[in-house]
2 protein chains.
Amino acid sequence: MRLLIVEDNVELSRLLASGLMAAGYESDIVNSVAEARDALRSVSYAAMILDLSLPDGDGLSVLSELRRKNDPLPVLVLTARNGLQDRVNGLRTGADDYLAKPFALEELVARLEAILRRPGQLLGSSLKLANLVYDTESKQVFVDGAPHVFSARETSVLEILLRRQGRVVPKKNVEDHIFGLSGEVASNAVEVYVSRLRKLLSEHNAKIVIHTIRGVGYLMAEEK
Amino acid sequence: MRLLIVEDNVELSRLLASGLMAAGYESDIVNSVAEARDALRSVSYAAMILDLSLPDGDGLSVLSELRRKNDPLPVLVLTARNGLQDRVNGLRTGADDYLAKPFALEELVARLEAILRRPGQLLGSSLKLANLVYDTESKQVFVDGAPHVFSARETSVLEILLRRQGRVVPKKNVEDHIFGLSGEVASNAVEVYVSRLRKLLSEHNAKIVIHTIRGVGYLMAEEK
DNA sequence: GACCAGCTTACGCCAGCCTTACATTGCTCT
DNA sequence: AGAGCAATGTAAGGCTGGCGTAAGCTGGTC
């Protein structure tokens with residue numbers, strides 16, 4: 001699952017990213033309002049962690065822009081301001097939660113996961129399809145109850161296809177989900193991972209097929 | 001919108017209910033774990049405000065029961081305990097937010113609305129006709145809820161006719177929509193794709209017909 | 001019945017996709 | 001540190017199915 005961290009303090013953002021990685025999340029870091037806008041336009045994130053004081057403007061403007069577009073992206077606001085009015089403003093603008101600095105990394109992770117667990121269900125309940133169960137917390141795959149561990153990339157592809165099972169997932173979305181902002185990929189990596197995932201699923205007798213929709217993307221469904 | 005307040009302090013619960021009514025929400029008040037369970041079983045609420053210390057048990061048990069049943073009901077936990085560990089526990093159990101007493105009514109409303117704001121948007125903008133739904137984002141077609149995948153060209157024709165259902169679409173418009181500006185087509189491609197689309201729609205039992213208007217174009221409508 | 005617009009089927013071509021192989025990187029265990 | 005190993009991204013070659021074209025057919029119109 002990929003997050004966007006908007007924070008101009010380099011030290012803090014690195015700390016966040018590494019803490020979140022330990023908790024099993026990938027993240028992209030940007031340092032300004034402008035970069036945040038770009039990132040949000042090009043990649044689909046599971047959530048955003050947003051600092052309010054940024055060099056080129058107020059983080060809340062990014063948030064209010066999102067909400068004006070009816071984008072339900074979970075947003076956790078991070079700030080030094082901790083007045084009641086600040087908190088109320090943040091939440092009214094559409095923040096899903098509000099955390100004042102300084103904070104414990106543990107609490108940030110807990111609050112983040114609480115956000116992700118809400119309707120929209122990015123986290124929490126496991127995902128199921130046919131005889132396969134994928135636990136979103138431990139990132140473990142079970143086929144007929146037997147546990148398997150796939151590599152990070154394979155899991156990532158499985159997850160996004162599983163979340164949108166029965167629906168077509170554009171190839172570009174898969175690519176963004178796997179690689180985020182970290183340099184565009186100059187190869188057929190997505191195809192390779194889909195291929196590897198197909199092989200894995202079949203080896204483990206999962207009753208699942210990944211259909212290819214030429215020129216569009218992929219569709220995961222139960223094998224009939 | 002109706003809320004469930006689970007709180008044994010009568011004074012506080014009344015205060016909450018009146019404050020929420022002022023903000024435009026109806027609410028039911030219950031005082032115990034047992035009553036909460038009954039209420040949840042018989043009524044469908046928009047959200048629950050849950051106090052943890054109740055006369056007959058821990059409010060968290062109500063919450064964990066809900067989540068075990070994959071019920072995504074938004075829950076705002078309310079409590080006097082405010083240790084980091086308490087908050088983390090509450091959020092991990094599946095609370096959407098956690099508010100420590102004492103709190104300002106204004107903040108509770110703001111947090112509640114932050115929780116309620118997210119739409120469970122499963123599909124992008126979609127076009128409908130008879131028993132067919134077309135999702136413009138994933139470019140997927142559903143007939144009686146069953147997903148189908150058409151090729152790029154077929155989808156393209158379907159989309160323009162669907163967007164102007166009930167109206168005649170000049171053949172030239174269809175051609176432009178399919179091929180854009182990229183060089184004119186020196187054949188009867190439009191006719192070919194309309195033909196293929198008709199075949200597909202009928203194969204999938206879509207209750208839709210494409211009428212031909214000689215010398216003009218096509219008209220898509222519900223089959224009577 | 002002659003004409004004409006549109007319908008349908010067949011077919012070769014090629015972009016897009018699949019798969020395999022391989023070099024590189026980063027991690028683990030000794 | 002170094003060996004061993006797994007995972008990752010790239011490249012290359014083969015394959016497939018969607019594509020546009022053309023040709024023969026249908027049915028409505030004058």
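Predicted model: local features only at pLDDT ≥ 70, side-chain atom pairs only at ≥ 80, totals over all residues.
Residues are numbered from 1 along each chain as its sequence is written, chains are lettered from A and ligands numbered from 1 in the order in which they are written, and side-chain values use heavy atoms, with hydrogens and water left out.

Asp97(B) belongs to strand S7 (residues 97-100) of chain B. Helices (H or I, at least four residues) and strands (E, at least two) are DSSP runs, numbered from the N terminus. With a relative accessibility of 1%, Asp97(B) counts as buried; buried means under 20% relative accessible area, exposed over 50%, and partly exposed in between (1.4 Å probe, protein chains only). Another buried residue is Ala221(B), at a relative accessible area of 19%. Ala221(B) sits in strand S14 (residues 217-222) of chain B. What does Ala221(B) contact, leaving aside its neighbours within four places in sequence? The partners are Leu129(B), Lys207(B), Ile208(B), Val209(B) and His211(B), where contact means heavy atoms within 4.5 Å. The C-alpha atom of Ala221(B) is also separated by 8.4 Å from that of Ala130(B), a residue 91 residues apart along the chain.

Now for chain A as a whole. It contains 8 helices and 14 strands, and 50% of its 224 residues are buried. Among the contacts in chain A with a separation of 6 or more, 56% come from residues 24 or more positions apart.

In chain A, the axes of helix H7 (residues 171-179) and H8(A) come within 10 Å and cross at roughly 90 degrees. That makes H7(A) roughly perpendicular to H8(A). Axes are lines fitted to C-alpha atoms, for helices over the stretch in contact, and angles run from 0 to 180 degrees between N-to-C directions. Angles under 35 degrees count as roughly parallel, over 145 as roughly antiparallel, 65 to 115 as roughly perpendicular and the rest as oblique. On the H7(A) side, Lys171(A), Val174(A), Glu175(A) and Phe179(A) meet Ala189(A), Val190(A) and Glu191(A) of H8(A). This contact of H7(A) with H8(A) has 4 nonpolar, no polar and 3 charged residues. For these classes, Ala, Val, Leu, Ile, Met, Phe, Trp, Tyr, Cys and Pro count as nonpolar, Asp, Glu, Lys and Arg as charged, and the others, Gly among them, as polar.

In chain B, the axes of helix H7 (residues 171-179) and H8(B) come within 10 Å and cross at roughly 85 degrees. H7(B) and H8(B) are therefore roughly perpendicular to each other. Lys171(B), Val174(B), Glu175(B) and Phe179(B) of H7(B) make the contact with Ala189(B), Val190(B) and Glu191(B) of H8(B).

The two DNA strands come next. Of the 26 residues around DNA strand D, those that come nearest are Ser151(A), Arg153(A), Arg214(A), Ser151(B) and Arg153(B); a residue is near a molecule or strand if one of its heavy atoms lies within 4 Å of it. Sugar or phosphate supplies 61% of the atoms of DNA strand D within 4 Å of the protein, and bases supply the rest. Where on DNA strand D is the atom that is 2.9 Å from an N or O atom in the side chain of Asn188(A)? It is a base nitrogen. By contrast, a phosphate oxygen of DNA strand D is 2.5 Å from an N or O atom in the side chain of Ser151(A), and a phosphate oxygen is 2.8 Å from an N or O atom in the side chain of Tyr193(B). The elements that give two or more residues to this surface are helix H6 (152-163) and helix H8 (189-203) of chain A, together with helix H6 (152-163) and helix H8 (189-203) of chain B. By class, the surface near DNA strand D has 14 nonpolar, 6 polar and 6 charged residues.

Around DNA strand C there are 22 residues, of which Arg198(A), Thr212(A), Tyr218(A), Thr212(B) and Tyr218(B) come nearest. The surface near DNA strand C divides into 4 nonpolar, 8 polar and 10 charged residues.

Conventions:
Polar contact = N/O pair within 3.5 Å; in protein donor to acceptor, adjacent residues only side chain to side chain.
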